Amino acid sequence: MTGLAHDRGLFVPDVIPQVSLDTIESWRGMTYADMSTELLSQYIKDDEIPKEDLRKIITKACGAFREADVTPLIKVGDHYVLELFHGPTFAFKDVALQMLGGFFEYFLKKGHNNGRLAVLGATSGDTGSAAISGLRGKEGVDCVILYPKGRVSEIQERQMTTILDENIHCVQIEGTFDDCQDLVKLAFGDKEFRDEVKLGAVNSINWARVLAQQTYYFWSYLRMTDDGSKVKPNFSVPTGNFGDILAGYYAKRMGLPVGELVVATNENDILHRFFTTGKYHRRPINKTISPSMDICVSSNFERYLFHLMDDDADKLASLMKAFESTGQLTLEGKTLTKAQSDFGSAKCDTTKTLETIKKYKDDSDYMLCPHSAVGVSALHQLNIATYSSVALATAHEAKFPAACKMAVPELPTPPVQLSRLKTMKTRSQTCRNDIEAVQNFMKKRIHERKSKGDKRKNMMMAGAGIVAFIAIAAYFGGFTLGGKKKK
Ligand SMILES: *Cc1c(COP(=O)(O)O)cnc(C)c1O
């Protein structure tokens with residue numbers, strides 16, 4: 001439930017569990033949910049979550065997907081595409097956030113955090129809707145998402161505001177996305193407020209998200225080898241905050257046969273520059289047609305650097321401290337060579353992205369979203385677009401109609417779940433760009449919901465009391481229950 005550790009570092013597992021090829025082989029016939037349970041139970045022991053409870057959480061999360069396979073692996077062109085967008089919001093973040101919502105609910109019900117959590121996040125589009133979808137209706141959880149008024153696309157806004165569950169609060173801020181992020185930072189910096197409302201985060205550094213995402217790397221390997229072929233798959237991953245590809249790195253470290261892990265970036269190419277030159281140097285953000293990868297630094301990259309520094313936390317801390325003050329981190333020699341053996345990389349600009357979308361539509365009648373096209377282009381740039389390679393497809397093209405229209409004359413009809421958003425009821429609040437206004441709003445809403453919940457609980461307890469009284473009276477009094485006289 002805590003994103004950052006006290007020293008502002010990130011959480012990593014004490015040990016990376018090792019699985020043998022025989023163990024992986026024994027998962028072959030399993031459903032996605034059962035396989036995921038086996039995999040995650042390597043990290044989560046019975047004293048934390050008993051395996052059958054874990055299975056329930058995972059199975060429920062997978063049930064939110066439209067495909068029985070959850071993340072289907074299909075052949076397109078001369079390689080594989082792993083479709084990660086069959087969840088409620090049509091983007092890959094659902095894979096992790098559906099599960100995270102289940103984990104939160106599980107621990108809150110057990111009384112952790114006093115049974116309550118108020119998740120606060122800022123969004124420019126994608127993450128907000130996936131978080132809302134993963135947390136809607138979850139007991140003990142309130143979810144407050146701030147977004148800039150009039151500055152997110154209509155589809156993305158409606159994906160958030162049409163969720164009418166009482167625990168979801170969409171707040172339009174009269175300002176920019178940066179203002180929203182600043183408000184979130186200010187809220188987290190206010191210890192008194194943080195403790196009062198039990199503030200929590202679901203951002204991409206949350207370890208549970210990285211954990212959940214490891215499943216589909218194993219899933220892909222198993223499906224590629226179902227026919228008995230021997231492959232060491234390459235994975236090309238459209239990358240922003242380095243969460244998705246980091247899951248692949250852990251899968252490889254666990255023992256999964258993996259060839260190359262390819263970091264695919266758009267014009268925001270700090271990672272591509274690092275893996276080619278050793279220079280991890282911050283630059284201003286470029287706005288692109290693959291907005292979910294528009295980052296200037298990658299928040300999960302620090303986890304990889306930790307392992308690259310041979311798990312030396314002090315060494316990493318000094319590197320990160322220097323990076324914070326100068327915006328530059330440079331590695332050379334053996335360390336850089338090691339990094340280059342762990343990851344390949346490629347950069348795909350707008351022109352190449354549009355060309356790739358058009359080529360796949362023309363040649364294979366397959367529509368790629370602009371993010372997925374970046375990953376596919378990387379496979380071609382590195383000359384590994386073969387049946388040993390998987391391009392991860394991170395969003396459905398209907399979420400990015402404007403970009404797709406730049407590449408192809410006609411768009412396929414959007415799925416009904418997206419087109420019907422236009423006529424659905426919405427709910428949202430507007431708030432000034434002011435931390436006190438946001439905090440007051442949150443306190444008020446959470447207090448209202450809490451007292452309502454307490455009232456309901458009291459009524460339920462009273463109800464249970466009456467039933468118990470009747471049952472006891474029936475037992476001792478011997479009067480009829482359900483028609484039969486009891487002796
Ligand atoms: C978030 C996102 C990405 C980037 O994933 P990271 O884990 O941040 O690297 C890529 N594509 C889409 C559609 C996304 O929503």
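First, the conventions. Residues are numbered from 1 along each chain as its sequence is written, and side-chain values use heavy atoms, with hydrogens and water left out. Because the model is predicted, local features need pLDDT of at least 70 and side-chain atom pairs count only at pLDDT 80 or more, while totals for chains, interfaces and linings use all residues.

I start with the ligand.

Now the polar contacts, meaning pairs of N or O atoms within 3.5 Å. K93 places a polar side-chain atom 2.5 Å from a ligand oxygen. N241 comes in through a backbone N or O atom, 2.7 Å from an oxygen of the ligand. For D244, a polar backbone atom is 2.9 Å from a ligand oxygen. On its own the ligand has 390 Å² of accessible area, and the protein covers 97% of it; these areas come from the Shrake-Rupley method with a 1.4 Å probe.

Next, the aromatic rings. A pair needs ring centres of Phe, Tyr or Trp (its six-membered ring) within 6.5 Å; planes under 30 degrees apart are stacked, over 60 edge-to-face, and the rest tilted. The whole structure has 24 such pairs. Y249 and Y304 are edge-to-face, at 5.2 Å centre to centre and 85 degrees between the planes. Y249 sits in helix α11 and Y304 in helix α13, 55 residues apart; helices are DSSP runs (H or I, at least four residues), and strands are runs of E, at least two. Y304 also pairs with F343, with centres 4.9 Å apart and planes at 85 degrees, so this pair is edge-to-face. F343 lies in the loop between α15 and β11, so the pair ties together parts 39 residues apart in sequence.

How buried is Y304? Its relative accessible area is 0%, and F343 is buried at 2%. Buried means under 20%, exposed over 50%, partly exposed in between (1.4 Å probe, protein chains only).

Last, the cysteines. With a disulfide defined as two cysteine sulfurs within 2.5 Å, the count is zero.

Conventions. A polar contact is a pair of N or O atoms within 3.5 Å; within protein, one must be able to donate a hydrogen and the other to accept it, and residues adjacent in sequence count only if both atoms are side-chain atoms.
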